[in-house]
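Subject: Structure for your review

Dear colleague,

Please find below the structure that I am handing over to you. My findings follow it.

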Amino acid sequence: MTTGTNWVDLDGVVNMRDLGGHTTADGRTVRSAVVLRSDNLAGLTPASVSRLMSDYHLSDVVDLRTNMEHAHDGVWPFGERVELHKMSLYPEDDPSSLVPPWHGELGDTAPANEPGDHAHASARHYLGYFRMRPDSLVGTLRTVAGAQGATIINCAAGKDRTGVACALLLTCLGVPADQVIADYAASDAKVPAILARLGLAATAGSPEHREAVAAQATPPEAMALLLERVATELGGVPAWLAAHGWQPDDQTALEARLLA
């Protein structure tokens with residue numbers, strides 16, 4: 001099992017790490033320098049880009065952000081050297097709209113018999129990605145499997161949409177739930193920096209700051225609840241993937257790319 005979080009410290013991002021080092025239930029290891037997960041890449045400096053190209057041979061980026069987010073911050077730091085795959089996890093949106101597509105689209109209202117705490121609300125929201133955009137989630141896995149170099153999976157903060165996509169990837173590879181949950185929860189340490197980068201941070205230590213950090217937390221319970229709901233409501237990851245076009249050849253290609 002991986003012994004820690006493989007942070008990648010680069011100027012211009014605050015929540016980038018390497019998925020390598022996780023171990024599968026049958027004893028194989030996820031290769032390092034094949035898949036990175038990150039927050040928004042628009043702030044990467046030329047030196048950071050050079051490192052990604054030289055150390056990781058970056059070839060593809062899966063960007064899970066919406067059209068509106070791209071229109072607001074569409075900086076692409078890689079030129080023509082890296083292929084961009086836009087795979088929003090929300091319904092297709094008008095880039096000029098003032099209303100983000102995540103408002104009221106994913107069934108976020110808690111049923112009467114379900115707790116309304118942050119972990120349950122997060123899991124409920126995340127399940128909406130599976131229901132609304134299976135094309136993007138399956139497309140993310142296929143992009144990783146077919147990439148010539150490393151792939152970065154990213155969104156704005158690198159914790160929610162990216163966390164779900166990476167959880168699906170690791171689960172598909174046979175990485176046990178405890179490691180999947182730990183990978184998701186690692187983003188919690190970066191929430192203050194994420195808020196500062198997004199311009200959402202109040203004065204550190206203030207009630208407003210504590211409230212904002214709590215609202216953006218990635219507690220392990222949220223991912224545990226999501227995995228449970230995927231299993232009970234969607235039939236589990238293998239069945240869900242098969243229902244959305246994932247083939248044995250896809251699985252073979254993904255494992256060949258990522259597992260040693």
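**The surroundings of Asn-15**

In this predicted model, a polar atom of the Asn-15 side chain lies 3.1 Å from the backbone oxygen of Gly-158. The side chain of Asn-15 also makes a polar contact, at 3.2 Å, with the side chain of Ser-187.

Where in the fold does Asn-15 lie? Asn-15 is found in the loop between E1 and E2. Its relative accessibility is 0%, and therefore Asn-15 counts as buried. Leaving aside residues up to four places away in sequence, Asn-15 touches Trp-7, Arg-37, Ser-38, Asp-39, Ala-157, Gly-158, Lys-159, Ser-187, Lys-190 and Ile-194. As for Ser-136, its C-alpha atom is separated from that of Asn-15 by 22 Å, and the two residues are 121 residues apart along the chain.

**The sheet**

Strands of a sheet pair through backbone hydrogen bonds, in either a parallel or an antiparallel manner. Here, 6 strands form an open sheet with mixed pairing, and their order is E1-E2-E3-E6-E4-E5. Strand E1 (6-7) and strand E5 (83-86) are the edge strands, each pairing on one side only. Helix H4, which spans residues 134-146, packs on the sheet and touches E3, strand E4 (58-63), E5 and strand E6 (150-154). The direction of H4 makes about 160° with that of E6.

Strand E2 (residues 17-18) and strand E3 (residues 35-38) run antiparallel and are joined by 2 bridges. Which residue in E3 is the bridge partner of Asp-18? The partner is Leu-36.

Yours sincerely,
A colleague

Definitions and conventions: Residues are numbered from 1 along each chain as its sequence is written. This is a predicted model: local features need pLDDT of at least 70, side-chain atom pairs count only at pLDDT 80 or more; totals for chains, interfaces and linings use all residues. Side-chain values use heavy atoms; hydrogens and water are left out. Two strands pair if DSSP finds at least two bridges between them. Helices (H or I, at least four residues) and strands (E, at least two) are DSSP runs, numbered from the N terminus. Contact means heavy atoms within 4.5 Å. Axes are lines fitted to C-alpha atoms, for helices over the stretch in contact, and angles run from 0 to 180 degrees between N-to-C directions. Buried means under 20% relative accessible area, exposed over 50%, partly exposed in between (1.4 Å probe, protein chains only). A polar contact is a pair of N or O atoms within 3.5 Å; within protein, one must be able to donate a hydrogen and the other to accept it, and residues adjacent in sequence count only if both atoms are side-chain atoms.
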